[in-house]
Amino acid sequence: MSDCADVIIAGGGIIGCACAYYLAKRGCSVIVLESSDHIGNGGSSRNGGGVRQSGRDPRELPLAMYGIKNLWPSLSDELEVDCEYHQDGNLRLGKTEEHINILRGLTTRAKACGLEVEMIDAEAVQSINPYLSKEVAGASWCPTDGHANPLTTTLGYYKTARKLGVRFITGEPVTELRKIRGKVRRVVTSNGNIYEGETIIVAAGLFSRPILNSIGIDIPMQKVMLEALVTEARAHMFDQMLGTAEADFYGHQTKHGSFVFGGTLGLEGFTRDNGTPVTNSLAASSTCRGIIKYFPMLADAKIVRTWAGWMDLCADKVPVISPVDEAPGLIAACGFSGHGFGIAPAVGYNLAQLVTEGRTDVNLHDLRYNRFCAKA
Ligand SMILES: Cc1cc2nc3c(=O)[nH]c(=O)nc-3n(C[C@H](O)[C@H](O)[C@H](O)COP(=O)(O)OP(=O)(O)OC[C@H]3O[C@@H](n4cnc5c(N)ncnc54)[C@H](O)[C@@H]3O)c2cc1C
């Protein structure tokens, strides 16, 4: 079988799978190289499922808005899999005056970018979600936000891309990129295999950094652990995505009734790193303390599983989604900084446009790889 394709993608997470799907749909031949034995092994199968626009940096908000308007609503039909997408809004909750001020700032900035988001009072919060603590003083409310199932969505892209002829090769870690006559064309793996393509997309999460370094490009990213938990199933309560002003936790109730919550302990820097993300024994109890303050009635909900995943935290907390001037043929799509799931369909769709038409519906200029360079 040929090791050549129109596009070679390093990384089989949701970004690599979505790019592969939209490219194949446009008639490109595609090979995806995944280092582990499993598609979606990184953050793509471990995330909290938030598909939100509110609380986003204005530089990536247009991608989030594009995906929610044009791609997410029909994704289950398109991929012939239940992505469990709910577009029932996002409540970002506050209890104190300080919280409300934080939420007002976020709301004002998002409104200025054209997002439909507003501040609501305690009574309005209770009318949207009567299960919340009466201590909630107000919230930001974005009715077009939502959530989805990360696993079915990632695997939905994978399976549908395969049906369109995309080759996925697992256990194939990319180590190096090589140029031919000034253009990046070759991808070398640790198994000694060489793949060749007209376009190379590097979408390997935080491991994109060493791959890009092999051709002299550096994107400042660091490894940060995120943790999440899932409870036993409960009777259906609500469909909104929830978060807080202080970011003590975020989460939602899934289709079959369990609650998926994520939170940050603040001690992640001290976590053991044995090559795979290992949960810290303090994280679940710390996150639950935050949850119970807002959801007293979940105090006795049993936790059935906790897990962790790496986030590829970019220096300025927004991703790099960009062609690389010094390396024609190369596109970097990494540094999603803990919020890449919600924008993945828009990233895949727009990068497929970039490869096949040389243009994108969403202007990606603010997400360029060289924004970190000192200005001459
Ligand atoms: C606990 C947690 C909660 C989160 N919650 C949310 C949320 O609610 N909403 C949201 O939008 N985002 C969330 N995120 C972030 C989101 O999961 C990521 O931004 C998104 O999955 C990034 O996708 P990706 O394909 O770039 O990366 P990944 O899923 O990490 O995929 C990269 C792939 O590249 C592979 N790879 C690595 N090195 C190589 C190599 N050398 N060669 C080939 N392949 C390689 C990896 O094995 C991996 O499969 C969360 C993340 C975590 C960990």
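So, how many residue pairs are in polar contact across the interface of domain 1 and domain 3? The rule finds 11, with both residues at pLDDT 80 or more. Keep in mind that this is a predicted model.

Let me back up to the layout. We've got domain 1, which is 4–48 + 151–220 + 316–372, then domain 2 at 90–143 and domain 3 at 221–314. The C-alpha centres of domain 1 and domain 3 sit 28 Å apart, and their contact takes 19 residues from domain 1 and 18 residues from domain 3.

Now the interface itself. Domain 1 and domain 3 bury about 1400 Å² between them, with 62% of that on carbon and sulfur atoms. On the domain 1 side, Arg46, Gly48 and Leu206 supply 45% of the area buried against domain 3, more than any other three residues. As for salt bridges across this interface, the rule finds zero.

On to the ligand. Domain 1 and domain 3 both give residues to the shell around the ligand, so the ligand lies between them. There are 34 residues around the ligand, and Glu34, Ser44, Val174, Gly340 and Gly342 come nearest. By class, that shell has 13 nonpolar, 18 polar and three charged residues.

A few atom pairs to look at on screen. Ile15 has a backbone N or O atom 3.1 Å from a ligand oxygen. Asn47 uses its side chain: an N or O atom there is 3.2 Å from an oxygen atom of the ligand. With Gly338 we're back to a backbone N or O atom, 3.2 Å from a ligand nitrogen. And the protein covers 93% of the 1000 Å² of accessible area that the ligand has on its own.

Notes
Residues are numbered from 1 along each chain as its sequence is written. This is a predicted model: local features need pLDDT of at least 70, side-chain atom pairs count only at pLDDT 80 or more; totals for chains, interfaces and linings use all residues. Side-chain values use heavy atoms; hydrogens and water are left out. Domain bounds come from an automatic or database domain assignment. Contact means heavy atoms within 4.5 Å. Buried area is the accessible area (1.4 Å probe) that two parts lose on being put together, summed over both. A salt bridge is a side-chain nitrogen of Lys or Arg within 4 Å of a carboxyl oxygen of Asp or Glu. A polar contact is a pair of N or O atoms within 3.5 Å; within protein, one must be able to donate a hydrogen and the other to accept it, and residues adjacent in sequence count only if both atoms are side-chain atoms. A residue is near a molecule or strand if one of its heavy atoms lies within 4 Å of it. Accessible areas come from the Shrake-Rupley method with a 1.4 Å probe; for residues, only the protein chains shown count as cover. Ala, Val, Leu, Ile, Met, Phe, Trp, Tyr, Cys and Pro count as nonpolar, Asp, Glu, Lys and Arg as charged, and the others, Gly among them, as polar.
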